[in-house]
Amino acid sequence: MQGIDYLKYDNCHHDGSKPIEKWCSCLLCFDLQPYYMLIYCFNFSCRYPVMSKALKKAGRPIFFSLCEWGEMHPAEWGFHVGNSWRTTRDITDTWESMISRADQNELYAQYARPGGWNDPDMLEIGNGGMTKDEYIVHFSLWAISKAPLLLGCDIRNMTQETIEIISNKEVIAVNQDSYGIQARKARMHGDEEVKPMQQPLLLNHMII
């Protein structure tokens, strides 16, 4: 594991076993979660706990990203195993896909915290499917959602416009704020797209 800083464990082409088992009273789970939370099994025969245990023996910090597309609601248990967890299916480079992933991810805002983050999938900025303004919204939503800011474009061929969006220091600072609270919708107005989000920061500041 020398030189490795980040590991994403995807769920593609698996052997039929689950990333983690549900509803277990296995005694091996007690060192990972208190008895009153024994909903999910962290027995080390399950795939994600096996990798988690191995990474902890690596001798250096390695960010462990869980990706089973949110099917088993990993926001509810991922903190005991990894550092981020996908809350959605794969994103595509369209406004509709991006907004729907942000909406789905927001449902799990209460579970985000320093050391464990909700992941609505990689950023599509620079892939050409949205306008500049839409990409700015995309980057801003991921930032206030405390989502991992992972680039999904070809970084060898980024335009100046893309570089300007993803290198906005003020937006990145919001994402990296040590308070670690994910933004939530402040109010809804029926089915209309009126969904301001707010997020407390340090020093009694608020992002809206």
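Helices (H or I, at least four residues) and strands (E, at least two) are taken as DSSP runs, numbered from the N terminus. The structure is a predicted model, in which local features need pLDDT of at least 70 and side-chain atom pairs count only at pLDDT 80 or more, whereas totals for chains, interfaces and linings use all residues. Residues are numbered from 1 along each chain as its sequence is written, and side-chain values use heavy atoms, with hydrogens and water left out.

The chain contains five helices and nine strands. Their order along the sequence is β-β-β-α-β-β-α-β-α-α-α-β-β-β. Of the 208 residues, 41% are buried, where buried denotes under 20% relative accessible area, exposed over 50%, and partly exposed the range in between (1.4 Å probe, protein chains only). Contacts are defined by heavy atoms within 4.5 Å. When contacts between residues at least 6 apart in sequence are considered, 59% join residues at least 24 apart.

In soluble globular proteins, nonpolar side chains tend to be buried together. A nonpolar core is here a set of buried Ala, Val, Leu, Ile, Met, Phe, Trp, Tyr and Cys residues joined through side-chain atoms within 4.5 Å. The largest such core comprises 19 residues, and Met98, Ile125, Phe139, Leu141 and Trp142 have the most contacts inside it. Two or more residues are given to this core by each of helix 2 (95-106), helix 3 (132-144), helix 4 (160-166) and helix 5 (169-175). Helix 3 makes the greatest contribution, with six residues. Another core, of 11 residues, lies apart from it and includes Tyr48, Leu55, Leu66 and Trp77.

Helix 2 and helix 3 pack with their axes 11 Å apart and at an angle of about 15 degrees. Axes are lines fitted to C-alpha atoms, for helices over the stretch in contact, and angles run from 0 to 180 degrees between N-to-C directions. The two helices, helix 2 and helix 3, are therefore roughly parallel to each other, given that angles under 35 degrees count as roughly parallel, over 145 as roughly antiparallel, 65 to 115 as roughly perpendicular and the rest as oblique. The crossing of helix 2 and helix 3 is left-handed, a term applied if the near helix is turned anticlockwise from the far one by less than a right angle, with right-handed used if clockwise. The contact involves Trp95, Met98, Ile99, Arg101 and Ala102 of helix 2, together with Glu134, Val137, His138, Leu141 and Trp142 of helix 3.

Individual positions in these helices were also examined. Tyr135, in helix 3, is buried at a relative accessible area of 4%. Beyond residues up to four places away in sequence, Tyr135 touches Asp93, Glu124, Ile125, Gly126, Asn127, Gly128, Gly129, Met130 and Ile165. Ser97 belongs to helix 2 and is buried, with 6% relative accessibility; residues up to four places away in sequence aside, Ser97 touches Ile91 and Thr92.

In helix 1 (residues 47-56), the buried residues are Arg47, Tyr48, Pro49, Ser52 and Leu55. Their cover includes strand 1 (6-9) and strand 4 (63-66).

The loop between strand 4 and strand 5 (84-86) holds His73, which is partly exposed at 34% relative accessibility. His73 and Trp85 are 12 residues apart in sequence, and their C-alpha atoms are 9.0 Å apart in space. Gly78, in the loop between strand 4 and strand 5, is buried, with 0% relative accessibility. Neighbours within four places in sequence aside, Gly78 is in contact with Leu66 and Trp85. Gly78 and Leu66 are 12 residues apart in sequence and 7.6 Å apart from C-alpha to C-alpha.

Most residues other than glycine have a negative phi, and most peptide bonds are trans. Trp69, found in the loop between strand 4 and strand 5, has a positive phi near 65 degrees and is buried at 16% relative accessibility. Lys146, in the loop between helix 3 and helix 4, has a positive phi of about 60 degrees. The relative accessible area of Lys146 is 3%, and the residue is buried.
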